[in-house]
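Please read this briefing alongside the sequence and the model.

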Amino acid sequence: MKEPRNKWKLTRYITWPRTLAQLPSSSLQLWKLGGVWTMSFRVDCMVSETMGNKSPLYMVTWRCTRKCVGNCLYCSYSPPKRPEDAEVNTKLGYKIVDEIYDFGAPWFGISGGEPLVREDIFDVIEYAKRTGFEVSLITSGFAFDERRLNLLAKHEVHTAVSIDGTRESNDKIRGKGAYDKALFALKKLSENGLLDCIVTTMTKYNIKDMAHPAQVAAEHHARMVVYHNLVPVGRASTNMPDLAPTPEEYESAFNEIYDLQVAYAGKLKVNVYAPFYARIVRQKNPVDFWDWYRNGFLGKCSIGGNYMGITENGDYRACGFHEAHRIGNVKDKKLTTAWTDLQNSELHQKLRDKSNIKGKCGACEYREICGGCRTRAEFYTGDLFESDPACAYVPKVLRGE
């Protein structure tokens with residue numbers, strides 16, 4: 001096991017930690033949204049003294065399994081089809097922790113599938129905590145029970161719960177009884193001070209229920225509510241005609257979410273994983289936009305080299321949804337090397353330069369703050385650089401302005 005890190009160096013602004021008590025040193029930072037001042041924190045970004053330089057990412061997430069006891073209609077993961085896609089064993093799970101440690105990221109994220117069904121997940125979590133990480137995990141609540149709750153509490157795991165709207169809309173997507181299981185889990189997590197955020201994926205079934213997840217998150221003292229636009233990968237790719245909101249439905253929902261963001265400012269952080277939400281905020285609040293965009297927005301498209309995740313088989317990848325464009329494997333490549341390879345990749349350099357984007361997205365005056373979802377564009381057009389068809393906005397140049 002690595003020596004636990006206990007000395008940190010000043011690097012950059014972040015907004016992730018939920019309390020000042022978790023931070024080795026910090027100072028308040030204020031940014032304004034809709035006339036309301038919101039507090040975030042300027043933090044000494046917890047980079048190991050052994051690194052000698054800062055980490056480019058605050059968190060690296062390991063998709064530890066594709067297994068799940070649920071059967072959600074939009075699930076982006078399907079069972080592995082090749083031997084090389086099989087989950088890494090516990091020893092390699094520890095190696096993943098070590099690689100993230102050497103990379104310098106202070107947070108270790110865990111996703112799935114359903115992480116709580118992986119038999120050794122708490123062994124890996126314990127190893128990560130002893131190494132010095134803060135640990136974040138997302139669960140559907142399907143596999144949640146008292147034993148797992150106690151282990152999450154023992155290791156102080158910041159836990160997110162997926163809820164897709166009201167009971168009616170959630171259970172259309174996730175199956176009958178799923179809402180009540182998720183609600184039970186988040187109540188127990190809240191009682192134990194572990195509830196980090198509520199996560200909602202936007203579909204036709206819940207597109208008019210955006211207020212409900214925020215209400216639940218606020219009632220149970222979550223730090224944040226996060227809305228994901230629907231990305232057509234895995235099971236979702238075969239169900240898109242039935243699941244995908246129209247561009248006009250997205251437009252209406254994102255405007256509603258902006259109003260929620262203003263209403264809950266200072267009480268609950270509201271965020272959106274969708275590149276074109278940046279355009280909505282820019283239109284509604286141009287004065288305070290840049291503070292929010294730089295310090296508060298999580299939805300920027302990352303495939304150009306601003307993200308690195310690790311899959312259940314140990315592959316490195318540059319997008320949390322796109323299953324192609326892998327950058328090596330933890331078995332024979334260090335994460336630091338994979339990151340360097342990603343930055344130097346011709347494809348990802350081209351993706352980073354948004355002047356390469358085609359069609360409506362390429363002509364849009366909001367291209368540099370948005371650019372659309374490249375994974376969704378490729379699904380519908382076969383081209384990573386084509387326009388994202390989920391956006392309703394028509395650029396000024398195409399309107400003759």
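The points below go through the model topic by topic.

This is a predicted model, in which local features need pLDDT of at least 70 and side-chain atom pairs count only at pLDDT 80 or more, whereas totals for chains, interfaces and linings use all residues. Residues are numbered from 1 along each chain as its sequence is written, and side-chain values use heavy atoms, with hydrogens and water left out. The model has an open sheet of 10 strands, 20 aromatic pairs and 24 salt bridges.

**Sheet**

- The open sheet has mixed pairing and runs in the order β12-β11-β10-β9-β8-β7-β6-β13-β14-β15, with β12 (269-273) and β15 (326-329) as edge strands that each pair on one side only.
- Strands here are DSSP runs (E) of at least two residues and helices are DSSP runs (H or I) of at least four, both numbered from the N terminus, and two strands pair if DSSP finds at least two bridges between them.
- Strands of a sheet pair through backbone hydrogen bonds, in either a parallel or an antiparallel way.
- Strand β11 (residues 224-228) runs parallel to β12 and is joined to it by 5 bridges, with Y227 standing opposite V272 in β12.
- Strand β10 (residues 195-201) is likewise joined to β11 by 5 bridges in a parallel arrangement, and T201 stands opposite H228 in β11.
- Because 5 of the 5 residues of β11 are buried, this strand is largely enclosed by the rest of the structure; buried means under 20% relative accessible area, exposed means over 50%, and partly exposed lies in between, with a 1.4 Å probe and protein chains only.
- Both faces of β11 are covered, with M224, V226 and H228 buried on one side and V225 and Y227 buried on the other.

**Aromatic contacts**

- A pair of aromatic rings is described by the distance of the centres and the angle of the planes.
- Rings of Phe, Tyr and Trp (its six-membered ring) pair if their centres lie within 6.5 Å, where planes under 30 degrees apart count as stacked, those over 60 as edge-to-face and the rest as tilted.
- One of the 20 aromatic pairs is the tilted pair of F289 and W292, at 5.8 Å centre to centre and 50° between the planes.
- F289 and W292 are separated by about one helical turn because they are 3 residues apart in helix α10 (residues 289-295).
- One aromatic cluster is formed by Y250, F254, F276, Y277, F289, W290, W292, Y293 and F297.
- The charged end of K300 sits over the ring of Y293, 4.6 Å from its centre, where a charge sits over a ring if NZ of Lys or CZ of Arg is within 6 Å of the ring centre and within 35 degrees of the ring normal.
- The charged end of K350 sits over the ring of F385, 4.8 Å from its centre.

**Salt bridges**

- Side chains of opposite charge can pair when their charged atoms come close, and a salt bridge here is a side-chain nitrogen of Lys or Arg within 4 Å of a carboxyl oxygen of Asp or Glu.
- E323 forms a salt bridge with R63, their closest N and O atoms being 2.7 Å apart; this pair links distant parts of the chain, 260 residues apart, with E323 in the loop between β14 (315-317) and β15 and R63 in strand β6 (residues 59-63).
- E323 is partly exposed with a relative accessible area of 25%, whereas R63 counts as buried at 2% relative accessibility.
- R326 also forms a salt bridge with E323, the closest N and O atoms being 2.6 Å apart, and R326 counts as partly exposed at 28% relative accessibility.
- Salt bridges that share partners join R63, R66, E312, D315, R317, E323 and R326 into one network.
- D145 forms a salt bridge with R148, the closest N and O atoms being 2.9 Å apart; D145 counts as partly exposed at 28% relative accessibility, and R148 counts as buried at 15%.

**Surface positions**

- T238 lies in helix α7 (residues 236-243) and is exposed, with a relative accessible area of 62%.
- T238 and Y74 are 164 residues apart in sequence and 8.8 Å apart in space, C-alpha to C-alpha.
- V394, in the segment after α14 (374-381), is partly exposed with a relative accessible area of 37%.
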